[in-house]
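Let's take a friendly look at the structure below, from the overall fold down to a metal site.

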Amino acid sequence: MSATAGARTVAGRGAVTHEGIFLAEQLWPIKGQLVLALVGLAIGGLMGLQQALSRVGIVLHEAMLMQSYYQGLTVHGVLLAFLFMFGFGNAFVSLAAIRGFERPLASSFLLQGAFWTMLAGTLLAGYAILTNQATVLFTFYAPMRANPLFFLGAALLVISTLLTALNLVLTRRAWQREHPGERTPLLGFVSVVTYVMWALASLGVVILVVFFLLPWSLGWVKTTDPQFNRILFWFTGHPIVYFWLMPVYISWYLMVPRQVGGRIFSDSLVRLAFLLLLIFSVPTGLHHQYVDPGIPTIMKVVHLFTTFAVVFPSLITAFTVMAALEDGGRARGGTGLLGWIRKLPWGDPSVAAQLLAMIVFILGGATGVVNASYNLNNVVHNTSFVSGHFHMTVGTAVTLSILGITYWLIPFLTRRELMGRRLALVQAWLWFFGVLLFARGQIAAGLIGEPRRSSIAEAPWREVLDVGLDHWLTAIGGSFMVLSGLLYFVVILWTLFAGRPLARPLEMPVAEMRFGARETSPLFDRLGFWFLVAVLLVAVAYIPLIVLYLPLQSVSPPIKVY
Ligand code: HAS
Ligand code: CU1
């Protein structure tokens, strides 16, 4: 069968059927979280249209039932950055862990709890945002006032991910008891590392919401320190981008190679990349605050170095994933320096979407390095350059990959064949060209000085900024992306409601290894040790910062700006 699905049917290989490890009481909360994620994608993504078209003077927010551009932008950011990403991460990584450990997750109660907290969080935050009581964008910077329900909802969304983290750690423990002395299987390992990293990373926003923003928005304390709030926000706000990325890396490293008929390049390199992400993702938050006053320069420089350190695992990824793709391309008869690229299964929408996402990530990563360079950041900070950057990273490397993954995942979960495969291919390419135009527009306009997060169509200074062509590229590219999103939902709904039942269940695509685990140092498996290293680096990056920053300047009451 074709690789949609990567997806080889279970029979035929005769050996293992994975039926027994996916329990019904664990599958429904997984499916439920995936559904919540896709609802977030649908509504959040649609709002992208008002932002893109605002560049060419079209005001759409009223047509979209929003009271302002900024309310629409909040819907866009919160639903995509939190609901879509957390929902997909929880669902996909839970499944990957079950397959990786070849056993059900340790606790169905925690898994169902993750679903219910995500649902409750979505309803509370959604209510506050849609009633225009929390138009504070996805960064919810103080002193902007938001309804406490918004913060409560956000907290519940985070709790849902932490319940998943706990469940994964317990599952690894249970597996270790059943397999004393054995090395953690790779797929289980990367799943746990992803969530352990996030558990540490989420600390900043948990403290921020529980101890600062909630009491302050409830009126229990009158004032807060906005700058300190921002430090706590970015403590989580940078590593969250790797929490979005790492589930996709699981697919790129371990699943796409299978889908293209190649092998994973090396067991130890994959583990190394994930461990480096675990230790270097968190102590980097100040690269979002290079231009913020009141923060000692020396600490910004410390975070500059750790930021460049966390680029390395992605460089490793670029080369090792490429090697696995080349292995597949050559196995399919590709020859010459680049001939293997043409031989990759570009006709499989799941593969094509992820390959295109990888290509865009090369540009996304490069613009990240520009942002991270202390002096260059002065040119691009708070301009639309940054929006150009993150639509190529989270907006494409991650999102387009997720769409590609669901092209096998949804048939896998529903036992229905993927419908509209050609449409799905058009979807992937339309997104690819769309984001290239969109990001080209945003980046070029940003270099001239166009601010980000601005309702351009309504801005009085609109005529002063001479970025005509760039605005058009952004508007056209962004519209392509929204159209591509619509095509995606046509394919998914078509599959859900009219997909032909599959004769046999699909198997999750997991690739074999070229250089296997025997050569991997046992030290790599000591997760507790690596977690301690991560905590130590966080201490180095944050304790002096906090000591130098104190005392708090808690002077700001909540202000409603919308
Ligand atoms: Fe970033 C701002 C620096 C990666 C997301 N970033 C943002 C914001 C978001 C975001 C959402 O230093 C805005 C937040 C806000 O609202 O203010 N970012 C970096 C750096 C990296 C980076 C150094 N960012 C990401 C990822 C994101 C993401 C990943 C989401 C998932 N970013 C910054 C900085 C800012 C920032 C500053 C603040 C700017 C400011 O002033 O406000 C690096 O980790 C990037 C490393 C990546 C690479 C690319 C490797 C390429 C690969 C693909 C290989 C391709 C293959 C294809 C194999 C080095 C792995 C082969 C295919 C064939 C067909 C052959
Ligand atoms: Cu960052």
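Here is a short report on what the model shows.

## About the model

This is a predicted model, in which local features need pLDDT of at least 70 and side-chain atom pairs pLDDT 80 or more, while totals for chains, interfaces and linings use all residues. Residues are numbered from 1 along each chain as its sequence is written, chains are lettered from A and ligands numbered from 1 in the order written, and side-chain values use heavy atoms, without hydrogens and water.

## Overall fold

You will find 17 helices and four strands in the protein (DSSP runs: H or I of at least four residues for helices, E of at least two for strands). Its C-alpha trace spans about 65 × 50 × 45 Å along the principal axes.

Of the 562 residues, 60% are buried, meaning under 20% relative accessible area with a 1.4 Å probe and protein chains only; exposed is over 50%, and partly exposed lies in between. Among contacts (heavy atoms within 4.5 Å) with a separation of 6 or more, 85% join residues 24 or more positions apart.

## The copper site

Which residues coordinate the copper ion (ligand 2)? They are His238 through ND1, and His287 and His288 through NE2, at 1.9 to 2.0 Å. Donors here are N, O and S atoms within 2.8 Å of the metal (3.2 Å for Na, K and Ca); water is not among the atoms, so sites may look incomplete.

Along the chain, these donors follow the spacing H-x48-H-H. His287 is buried, at 10% relative accessible area, whereas His288 is partly exposed, at 23%. The iron atom of ligand 1 lies 4.5 Å from the copper ion (ligand 2).
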